[in-house]
Amino acid sequence: MSGGNQRSMKALKEVWGRAENSLCADCGKPDPDWASSTLGVFICLSCSGIHRNIPSISKVKSLRMDHWDDAQVQFLAKHGNAVTKATYEAHIPIYYYQPTYNDCHVLREQWIRAKYERQEFTEPGKQLPYSDGVKEGILWKRGRDNGQFLPRKFLLSEREGCLKYFTKQDAKEPKISVKIDVINATFQPVKIGNPNGLQITYLKDNKTRNIFVYHESGKEVVDWFNAIRSVQFHYLKVAFPIASDNEIKNRLTRKFLKEGYMEKTGPKQREAFKKRWFTLDHRRLMYFKDPLDAFAKGEVFVGSKENGYSVQKGLPSGTQGNFSWPYGLTIVTPDREYLFTCETETDQLDWIAAFTSVINQAMTPQEYASKCLDPISFLS
């Protein structure tokens, strides 16, 4: 190896080893081993694949396998993640969702394209497609009864504080109008079977309703997602004037804590266990016959340990209901015990960890109020 190559490698390792470059510039994954020779950022393998799809903006190389010449190393040294972020992430709206390596591809891709390709965050006060308080357009919505995805007009209005959808383009009245403060939105590409699949949930009469939508354009569906967050943010700013921006940000859209199949039995604990799809949305545990059901068949409130809630590994001795999955767990509430079984020990431990994280948190006044509303019993 020539002396020049050795110097370049030594300089590259020095820049690569800086603390600012220890996480992927785009998703935060530790130990990135790729970099953009045109942007000067250090990125992970997954994000490098997205960069490779915008070659007019970013040219990527492996830090381990590719050759870096002196000029390229000097460019990395001059830039790096901190300097580049200061330019491309200078004015991100507080409500804009910044994805991590745990998020789905469409969120990460549109975040990268928004930063470097569209340069949405380089100037203060820039008009963005999700920031003007109103959004109208077509989303493909799954039919509640037939399961077919059909085009439906959606309208999001900050002034009215709601999201509406219409069954026909020229319809005067919406099929549903939902207040913005009871809406959640989370990407569900696997569940919906579309890389741009978005699940919108809302509360009606203290019961959860699901709407499953997608758009052919990744940019459009992510714009809808951030438009919902924008309208929610401004609504909550008015509703809670003394709350900080970060406190409000933490009340915007959220991921479900855990989803998956378990078996359950009825309240008498003598019925046969039935396989159901469960969703844990903070303190709401819901179950569905099918993951794409519009309505939960049942919900139960999961309170805190101070209020008599706990999760236990295994089933009570003498459990009579027949079950096919061997790994049991029990949710203890002040009113009754809920019995579940999991297919694998990993599933069992993951569910126990998710329930424990909720039960160990103190309840807020709002959660005390929701607890007073009768949850749907686990009857079927």
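1. UniProt puts "domain: PH", from an unreviewed entry, at residues 132–233 and 255–360; its positions are given in the numbering used here, feature names are shortened, and annotations may be inferred rather than shown by experiment. This is a predicted model, where local features need pLDDT of at least 70 and side-chain atom pairs count only at pLDDT 80 or more, while totals for chains, interfaces and linings use all residues. Residues are numbered from 1 along each chain as its sequence is written, and side-chain values use heavy atoms, with hydrogens and water left out.

2. Now the two spans. Residues 132–233 come out at 20% helix and 46% strand, with the end C-alpha atoms 12 Å apart. For residues 255–360 the figures are 14% helix and 38% strand, and the end C-alpha atoms lie 19 Å apart. Helices (H or I, at least four residues) and strands (E, at least two) are DSSP runs, numbered from the N terminus.

3. Seven strands make an open sheet with antiparallel pairing, in the order 14-13-12-11-17-16-15. Strand 14 (298–301) and strand 15 (310–313) are at the edges with a single partner strand each, so one side of each has no neighbour in the sheet. On average, neighbouring strands of this sheet are turned by 35 degrees against each other, direction ignored. Two strands pair if DSSP finds at least two bridges between them.

4. What does helix 9 (residues 345–359) lie across? The list is strand 11 (258–264), strand 12 (274–281), strand 13, strand 15, strand 16 (327–332) and strand 17 (337–342), and the helix runs at about 160 degrees to strand 15. Contact means heavy atoms within 4.5 Å. Axes are lines fitted to C-alpha atoms, for helices over the stretch in contact, and angles run from 0 to 180 degrees between N-to-C directions.

5. Over to strand 4 (residues 134–142). Strand 4 pairs with strand 5 (residues 149–157) through nine antiparallel bridges. The two form a hairpin with six residues between them, and Gly-147 in the turn has a positive phi of about 75 degrees. Strand 4 is also joined to strand 10 by two bridges, again antiparallel. Lys-141 has a bridge partner in each: Leu-150 in strand 5 and Val-213 in strand 10.

6. The structure holds 19 aromatic pairs. Rings of Phe, Tyr and Trp (its six-membered ring) pair if their centres lie within 6.5 Å; planes under 30 degrees apart count as stacked, over 60 as edge-to-face and the rest as tilted. Trp-140 and Tyr-214 are stacked, because their ring centres are 6.2 Å apart and their planes at 10 degrees. Trp-140 is in strand 4 and Tyr-214 in strand 10 (residues 207–214), so the pair ties together parts 74 residues apart in sequence. Trp-140 is partly exposed at 25% relative accessible area, whereas Tyr-214 is buried at 16%; buried means under 20% relative accessible area, exposed over 50%, partly exposed in between (1.4 Å probe, protein chains only).

7. Phe-187 and Phe-225 are an edge-to-face pair, 5.2 Å centre to centre with 65 degrees between the planes. Phe-187 sits in strand 8 (residues 183–187) and Phe-225 in helix 7 (residues 218–239), 38 residues apart. Both Phe-187 and Phe-225 are buried. There is also one aromatic cluster made of Tyr-95, Tyr-96, Trp-111, Phe-121, Tyr-130 and Phe-233.

8. The charged end of Lys-61 sits over the Trp-68 ring, 4.8 Å from its centre, and that of Lys-275 over the Tyr-261 ring, 4.4 Å from its centre. The criterion is NZ of Lys or CZ of Arg within 6 Å of the ring centre and within 35 degrees of the ring normal.

9. Finally, backbone angles. Most residues other than glycine have a negative phi. Asp-31 has a positive phi, near 60 degrees; Asp-31 is in the loop between helix 1 (3–16) and strand 1 (34–36), and is exposed at 63% relative accessibility. Gln-119 has a positive phi of about 50 degrees; Gln-119 is in the loop between helix 5 (105–117) and strand 4, and is partly exposed at 35%.
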